[in-house]
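Here are my notes for you on this model, written as numbered points. Please keep the structure open beside them as you read.

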Amino acid sequence: MAVLFGTAGVPISAKQTKTTGGIKAVKDLGLDVLEIEFVRGIYLDEKKANECKEIASKNNIILTVHAPYFINFNSDDLNIVKKSQGFIYQSAKIGWLAGAKCVVFHPGFYGKKTKDETYKTIKTNLQFVIKQIQKENINITFCPETMGRVSQFGTIDEILQLSVDIPNVKPCLDFAHMWARTMAKTTTFSEKCVSEMAKTTTFLENTEKAKEVDGRVFATEILEKIEKTLGKDALKHLHIHMAGVAYNKNGEHNHETLEESKFPWREILDVLKEKEISGTIISESPNIELDAIRMKEYWKKH
Ligand SMILES: [Zn+2]
């Protein structure tokens with residue numbers, strides 16, 4: 001097993017902008033994976049999905065799928081829950097026909113519910129649709145993603161628990177999101193300092209301290225959690241998202257390139273390598289392919 005790198009969506013430099021063109025572009029760039037972005041809608045039909053499967057296997061490219069953004073398994077509106085199940089169903093079916101190994105999705109928002117209630121609702125609504133899909137012998141892994149905003153369901157603990165509770169569910173580890181959520185806590189801290197101790201030295205010392213989230217410690221804690229809850233073998237089948245990210249007290253604000261962000265991507269890759277993980281790493285930076293190549297080159301050299 002190896003670690004394979006790819007892009008979230010068709011590379012920007014691709015000459016042909018359809019998914020089949022994207023697969024060829026990924027190959028030409030020396031990358032290994034394409035995550036098909038159904039984020040604004042499931043734009044492939046069954047015939048086109050079959051074509052993607054053929055071209056991907058000819059070019060030795062792994063495919064994954066990202067389901068639409070409009071999913072909320074915790075909505076009070078039953079229509080939205082039904083629609084969310086429909087999006088997962090359709091993403092899984094088309095993804096499976098395209099030969100994709102997994103479907104990534106954002107599970108939902110807490111809204112007015114408690115974290116416990118949210119967990120139970122999301123689990124039940126997700127379980128229901130996964131059972132339907134499995135009855136049809138559609139064989140694909142479901143990957144709920146760790147989310148970046150504090151209003152979104154999807155801490156690392158919640159995502160790991162879903163992976164324990166529902167068969168065929170595995171985490172999508174978005175390290176940029178997890179980091180933004182972690183940093184959000186330190187931001188709240190420094191904002192409190194601004195109002196309370198604005199001109200004192202303590203304030204300066206504390207803000208400096210708030211900036212220090214060690215990338216190595218952060219990544220090590222996450223991998224240890226995975227090993228503890230899902231077992232050592234889980235580290236051999238990871239699906240990972242990486243990107244530069246800007247944050248505020250609410251968590252993730254926007255994606256940035258790796259170079260313009262303080263996101264500790266090098267330290268995280270170092271820890272992943274030391275732990276001898278296997279799996280797929282998808283770049284979600286605004287310059288998608290450049291950062292995918294940057295990470296792949298860093299991985300080879302270190
Ligand atoms: Zn996502």
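**Notes on the predicted model**

1. In helix α9, which spans residues 265-274, the buried residues include Trp 265, Ile 268, Leu 269, Val 271 and Leu 272. These residues lie on the same side of α9, because they cover an arc of only 160° around the axis, the arc being that of the directions from the helix axis to the C-beta atoms. A residue counts as buried if 20 or more other C-beta atoms lie within 10 Å of its own, as exposed if 12 or fewer do, and as partly exposed in between, with C-beta atoms placed from the backbone. Helices (H or I, at least four residues) and strands (E, at least two) are DSSP runs, numbered from the N terminus. Just after α9, Glu 276 takes a positive phi of about 55°.

2. Two conventions apply throughout: residues are numbered from 1 along each chain as its sequence is written. This is a predicted model, in which local features need pLDDT of at least 70 and side-chain atom pairs count only at pLDDT 80 or more, while totals for chains, interfaces and linings use all residues.

3. Strand β2 (residues 33-37) is largely enclosed by the rest of the structure, because five of its five residues are buried. Both of its faces are covered, with Val 33, Glu 35 and Glu 37 buried on one side and Leu 34 and Ile 36 on the other.

4. How does β2 pair with strand β1, and over how many bridges? β1 (residues 3-8) and β2 pair in the parallel sense over three bridges, where pairing requires that DSSP finds at least two bridges between two strands. Leu 34 in β2 is the bridge partner of Thr 7. β2 also pairs with strand β3 (residues 62-66), again in the parallel sense, over five bridges, and Val 65 in β3 is the bridge partner of Ile 36.

5. A right-handed β-α-β unit is made by β1, helix α1 (residues 19-28) and β2, and another by β2, helix α2 (residues 46-59) and β3. Right-handed here says that, with the strands pointing away from the viewer, the path from the first strand over the helix to the second runs clockwise.

6. For the protein chain as a whole, there are ten helices and ten strands, and buried residues make up 45% of the 302 residues. The C-alpha atoms fill a box of roughly 65 × 45 × 35 Å, taken along the principal axes.
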